[in-house]
Amino acid sequence: MNLKKFYGNYSSGANAIIDYKNLDYSDYFNSKILKKYVKEIKINIKRIKIKPKNLKNKVIMNVGTGREALAFMQFKPKHVYHYDISQFQVNRLKDYINRKRLKKFISTKRLDLSKNPLPKEKFDFIYLHGIIQHTDHPGKTLRNLLYAMKINGKMWFFFSRAGTLIRFIGEMQREITKFLRID
């Protein structure tokens, strides 16, 4: 299965964060949805003893749908660098950035974390929520991220919890479909 085509076309990211029936999903970057992500980020950075004010004027890296990258804008960083393996997700975020005139503060690029090198010692904070376990080579990905982080920088990783029925079913689906050629 071609992961570059799968993510973004058949997957839309951390819906557990935003799964509310009364939200308008027609706008992928709806302000109510982004507020859910801001709340989740605040909870997570508190766990590693980072205050929201400490993200001001920092260079942040994020990977995924683009919603978290936009949510980070609430903390007034110097710049947010967004990456995703899906050109679909990158194009959707790029269109939003252009419409909202955010190029000075946020950029997006298609990149495979386990294969494409990141800029060296660039990021003050790297935030990956449910990403690492989906890369082809988590070890290579981690090495790539470590070289990209500035000295005294920080990283946040969230790994999907194993052991729940939904995770088991998801893993079974991956095993069953890995031999299929889905276009």
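Reader: In which helix is Asn44 found?

Author: In this predicted model, Asn44 is found in helix α3, which covers residues 31–47. The protein chain as a whole has 7 helices and 5 strands, and along the sequence they follow the pattern α-α-α-β-α-β-α-β-β-α-β-α.

Reader: Does one call Asn44 buried or exposed, and why?

Author: A residue is called buried when its relative accessible area is under 20%. Asn44 has a relative accessibility of 0%, and therefore counts as buried. Of the 183 residues in the protein chain, 40% are buried.

Reader: Which residues is Asn44 in contact with, leaving aside its neighbours within four places in sequence?

Author: With those neighbours set aside, Asn44 is in contact with Tyr127, His129 and Trp156. For the protein chain, contacts with a separation of 6 or more are 64% between residues 24 or more positions apart.

Reader: How many salt bridges does the count come to?

Author: Side chains of opposite charge can pair when their charged atoms come close. Here the count comes to 2 salt bridges. One of them joins Lys115 to Asp136, with the closest N and O atoms 3.1 Å apart. This pair links distant parts of the chain, 21 residues apart: Lys115 is in the loop between β3 and β4, and Asp136 is in the loop between β4 and α6. Lys115 counts as exposed because its relative accessibility is 55%, whereas Asp136, at 39%, counts as partly exposed.

Reader: Where in the chain are Lys150 and Asp124?

Author: The side chains of Lys150 and Asp124 meet in a salt bridge at 3.4 Å, N to O. Lys150 is in strand β5 and Asp124 in strand β4, 26 residues apart. With 29% relative accessibility, Lys150 counts as partly exposed.

Technical notes: Residues numbered from 1 in each chain as written. Predicted model: local features only at pLDDT ≥ 70, side-chain atom pairs only at ≥ 80, totals over all residues. Heavy atoms only, no water. Helix = DSSP H or I, 4+ residues; strand = E, 2+ residues; numbered from the N terminus. Buried < 20%, exposed > 50% of the residue type's maximum accessible area, 1.4 Å probe, protein only. Contact = heavy atoms within 4.5 Å. Salt bridge = Lys/Arg side-chain N within 4 Å of Asp/Glu carboxyl O.
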